[in-house]
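Reader: I would like to go through the ligand site of this model. Can we take it step by step?

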Amino acid sequence: MKLNNLPEAFIQAAPLLRKIEEAGFEAYFVGGSVRDTILNQPIHDVDIATSAFPAEVKALFPRTIDIGIEHGTVLVLWEQAQYEITTFRTEATYQDFRRPDKVDFVRSLQEDLKRRDFTINALALQKDGQIIDLFDGLADIDNQVLRAVGNPQERFHEDALRMMRGLRFVSQLGFELEAQTCLAIQENHALLAKISVERVMIEFIKMLLGAHRDQALKAFVATECYQYCPGLRPYGEALLRMADLPTLPLMNEEAAWVLLMDQLQLDVSDVRPFLKAWKCSNACIRQVQAGYQALLLRKEGEWTDMALYQAGLPTIRLVESVLPLVGKDSQLAEVEARYLALPIHQLQDLAINGRDLLTAFDRPSGPWLKEVLQALEEAVVTGKIANQSDYLLVYAKDCLAHLEG
Ligand code: ATP
Ligand code: MG
């Protein structure tokens, strides 16, 4: 098959292929961008595979960065863009079901395509639009099938992450796992335990964010892969229920985690250990905790002014975006307007600060200060008093009397 109208990104990168070919080597576009072009989907990164060895690639281009030279990858800076150029390679030395730490560079495109995970990812594209399809990837795209290249049992033994990649492609593309490929995942799902959590997490999140989350979650449970993902073992049924939710888009990783927390019906206090086991960043954990806590309240009723104030816009948007997935109406515009209309948005917006209180009451700093400031904050947010220093001082005096009373 020959593609006629190549996307602009390939046309811009074509001079690199020409340059490599003129030096006597082969070079092709490979990977996701080729697959997505055939699927008429937008493409992200244009990756290039070549018979030239890394040193030979570096000799051809003036601006290069070694980003993974031991795996054969050189980053080439070209005009305003950058391209990963990777030498054809085989991955003969797998240990422990993980991707190899050593690869062998080869001169054969066929060898390189053979080590790729799925047939739809094992297509190569020439700069003139000609597609090289050694494993019937085009037919599988036509039939919407995800099929391992070669023997699926062997391929998942070589690198167990491919099973999770398969599930995330189900979610992103809506394809079915081919029967033998699916069976091999079912039989080898326990090998996922060998894979680093970080790599599994990337695929898991992509799976949750995909347009066909429902289909992927069902396969995730049917193949039992979920059993070897952190914290999910007891939750097969909950994950299946999650597959029955409307497949509306989730806005980001945090929204995906919040929805998951809700479906697993975790306690808010369990969110941190759960996400720690997935090695999520602290920033992510904080956002998910805040989002989940607010979602639980919001499912029961409207936002209070204080809840809006404490949540802040990112959390408000996150929660409102998840609501339709759990069967509740989102009212983002109104809720945002209410938030923006709050008299203050942070403690610093109060017309007086801690120093003003210390001066006004002429007493040493202590726990009272924080308590009074919090009382002022709440009184202003809820509209009980106006944000003016004279009112605030009167109110503070009452608070203090109350505290000491
Ligand atoms: P995306 O659009 O999400 O980037 P992709 O298919 O390009 O999808 P990448 O992780 O960028 O996925 O990998 C690029 C290519 O490298 C894949 O298309 C596939 O050919 C190959 N590949 C990636 N990971 C593996 C793996 N674990 N085993 C075998 N081949 C892989
Ligand atoms: Mg890619």
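Author: This is a predicted model, where local features need pLDDT of at least 70, side-chain atom pairs count only at pLDDT 80 or more, and totals for chains, interfaces and linings use all residues. Residues are numbered from 1 along each chain as written, chains are lettered from A and ligands numbered from 1 in written order, and side-chain values use heavy atoms, without hydrogens and water.

Reader: How many residues surround ligand 1?

Author: A residue counts as near if one of its heavy atoms lies within 4 Å of the ligand. The closest are Arg35, Asn121, Arg162, Arg165 and Arg168.

Reader: How far is a polar side-chain atom of Arg168 from an oxygen atom of ligand 1?

Author: A polar contact here is a pair of N or O atoms within 3.5 Å. Backbone atoms take part too: a ligand oxygen is 2.9 Å from a polar one of Asn121, and a ligand nitrogen is 3.2 Å from a polar one of Asp117. For the Arg168 side chain, the distance is 2.8 Å.

Reader: What share of the exposed area of ligand 1 does the protein bury?

Author: Areas come from the Shrake-Rupley method with a 1.4 Å probe. Taken alone, ligand 1 exposes 590 Å². The protein buries 78%.

Reader: Which helix gives the most to the shell around ligand 1?

Author: Helices are DSSP runs (H or I, at least four residues), numbered from the N terminus. Helix H2 (32-38) and helix H7 (161-173) each give two or more residues. The top contributor, with four residues, is H7.

Reader: Which domains each give at least three residues to the shell?

Author: Domain bounds come from an automatic or database assignment. The protein is divided into domain 1 (1-134), domain 2 (144-244), domain 3 (250-340) and domain 4 (347-404). The shell draws at least three residues from each of domain 1 and domain 2.

Terms used:
A polar contact is a pair of N or O atoms within 3.5 Å; within protein, one must be able to donate a hydrogen and the other to accept it, and residues adjacent in sequence count only if both atoms are side-chain atoms.
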